[in-house]
Amino acid sequence: MNLEVQQIIDKAVDTHQLSHSELCYLLASDSSRAPLSVAADKVRQKYVGDAVHLRGIIEFSNHCQRNCRYCGLRKGNPNLKRYRMIPDEIYATALAACGRGYRTIVLQSGEDSYYDPEIVAWTVKRLKTLDLVVTLSCGERSYQDYLYWRKAGANRYLLKHETANPQLYSKLHPDMTFSNRKRCLMDLRELGYQVGSGCMVGLPGQTVETLAEDLLYLKELDVEMAGIGPFIPHPQTPLAGAVQGTVEMTLLMIALTRLLLPQAHLPSTTALSTIDLLGRQKALLCGANVIMPNVTPQPFRQFYEIYPNKDTNQGDNWDEVGSLVNSLGRTISHDHGHSPKQEFSSERRGEVNA
Ligand code: SF4
């Protein structure tokens, strides 16, 4: 046992604070993996319990006006068959998911201005009639759009920051800026959304120093949810030949996020289980407490290919996921799974103050 590693982990467990250099030290040390996962699992149990929350994702459009260099949905990929679900299809999908037990629906798309603020707000309102919590994940929009959707009843918004290093961010996102990403996240925070963000692990150009920046940015934002998954190169993107992120470093990042943000909801990401058949279980043992099964119907689902083989290893059936969770001595949550933070107590009581 490396004494210094254990001392830094003990400090994180007690204070939920670590410096940039302490984070770099843990990220670079082979001997930190086992004790970090043990500590993260204990912190997870203490702050968010043994329940695992299931969020059903509906990927309602794979059109995107952006050109992120790692993403298969990028505008510059001519080989992808594009689709849009109409509001009635989205509603029918949510209704079916609701019948299977889902209490949260995540409406996710590329950045697709075809869905104007009114269509999205109308869809949110229809889903709210089903007593569902609605998470939106539609990319960068104006303050006014975010306000409009919040007023329509949207509870949460997921917008990953991907990397908090501005230079690396610019290299990966040719038509976007990290300052606007931060502006969006601050707008969402100000409007009272439960905010989700997160990053990829193993991006070309990433270092332990930039990963530590990601963790400190999540801490600064004090997010209610953090999604952390490995970078998986897509063959129809400029990063086709890049090296894939590793399971080990992704698990390390999840564990550190749990220590820094004890009350956050942390999903065991789809990307992780795409590169490791046991990825879901491993993340749940390293601090994660959420699974986000894909409930997008066919024929659409196969075309939401952010990275290759996205749906290959995914058990998305409620019973199958339940068995996996039970096999770890954990339970499936049947409540709405709101943030345990005090400021969201009214939403936990079912009074959405949007
Ligand atoms: S990461 Fe999001 S914004 Fe970027 S190209 Fe993919 S879908 Fe579009």
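Let me start with a question: is Asn309 buried or exposed? Keep in mind that this is a predicted model. Asn309 has 11 other C-beta atoms within 10 Å, so the residue is exposed. The cut-off for exposed is 12 or fewer. Where is Asn309? It lies in the loop between strand 8, residues 290-291, and helix 13, residues 318-327. Take Leu54 as a reference point. Asn309 and Leu54 are 255 residues apart along the chain, and their C-alpha atoms are separated by 22 Å.

Look at the peptide bond that joins Gln298 and Pro299. That bond is cis, with omega at about 10°.

Ser179 is in helix 8, residues 178-190. It counts as exposed because it has 9 C-beta neighbours inside 10 Å. From Ser179 to Leu216 is 37 residues in sequence. In space, C-alpha to C-alpha, the two are 16 Å apart.

On to the core. The largest nonpolar core has 93 residues. Which residues have the most contacts inside it? They are Ile58, Ile105, Val134, Ile254, Ala255 and Leu256. Helix 10, residues 247-260, gives this core its largest share, with 8 residues. Pick out Leu256. Setting aside neighbours within four places in sequence, Leu256 is in contact with Leu23, Leu26, Leu36 and Leu215.

Next, helix packing. Two numbers describe a packed pair: the angle between the axes and the distance between them.

First up, helix 9 and helix 10. Helix 9 covers residues 208-221. The two axes cross at roughly 35° and come within 10 Å. The crossing is right-handed. Which residues make the contact? From helix 9, we have Leu211, Leu215, Leu218 and Lys219. From helix 10, we have Met253, Leu256, Thr257 and Leu260. By class, that gives 6 nonpolar, 1 polar and 1 charged. Note Leu256 again: it is part of this helix contact, and it is on the list for the core.

The other pair is helix 1, residues 3-15, with helix 3, residues 33-48. Their axes are 10 Å apart, at an angle of about 15°. The angle is under 35 degrees, so helix 1 is roughly parallel to helix 3. This crossing is right-handed too. Helix 1 brings Val5, Gln6, Ile9 and Val13 to the contact. Helix 3 brings Pro35, Leu36, Ala39 and Val43. The class count here is 7 nonpolar, 1 polar and no charged. Leu36, from the helix 3 side, is also one of the contacts of Leu256.

Last topic: backbone angles. Which value does phi of His16 take? It is near 60°, which is positive, and His16 is not a glycine. His16 lies in the loop between helix 1 and helix 2, residues 20-28. With 16 C-beta neighbours inside 10 Å, His16 counts as partly exposed.

Asp222 also has a positive phi, near 55°, in a residue other than glycine. You'll find Asp222 in the loop between helix 9 and strand 6, residues 225-230. Asp222 has 13 C-beta neighbours inside 10 Å, so it counts as partly exposed.

That's my list. Over to you for questions.

How values were computed: Residues numbered from 1 in each chain as written. Predicted model: local features only at pLDDT ≥ 70, side-chain atom pairs only at ≥ 80, totals over all residues. Helix = DSSP H or I, 4+ residues; strand = E, 2+ residues; numbered from the N terminus. Buried ≥ 20, exposed ≤ 12 C-beta atoms within 10 Å, placed from the backbone. Core = buried A, V, L, I, M, F, W, Y, C linked by C-beta atoms within 7 Å. Contact = placed C-beta atoms within 7 Å. Axes fitted to C-alpha atoms, helices over the stretch in contact; angles between N-to-C directions. Parallel < 35°, antiparallel > 145°, perpendicular 65-115°, else oblique. Left-handed = near helix turned anticlockwise from the far one by under 90°. Nonpolar A, V, L, I, M, F, W, Y, C, P; charged D, E, K, R; others polar.
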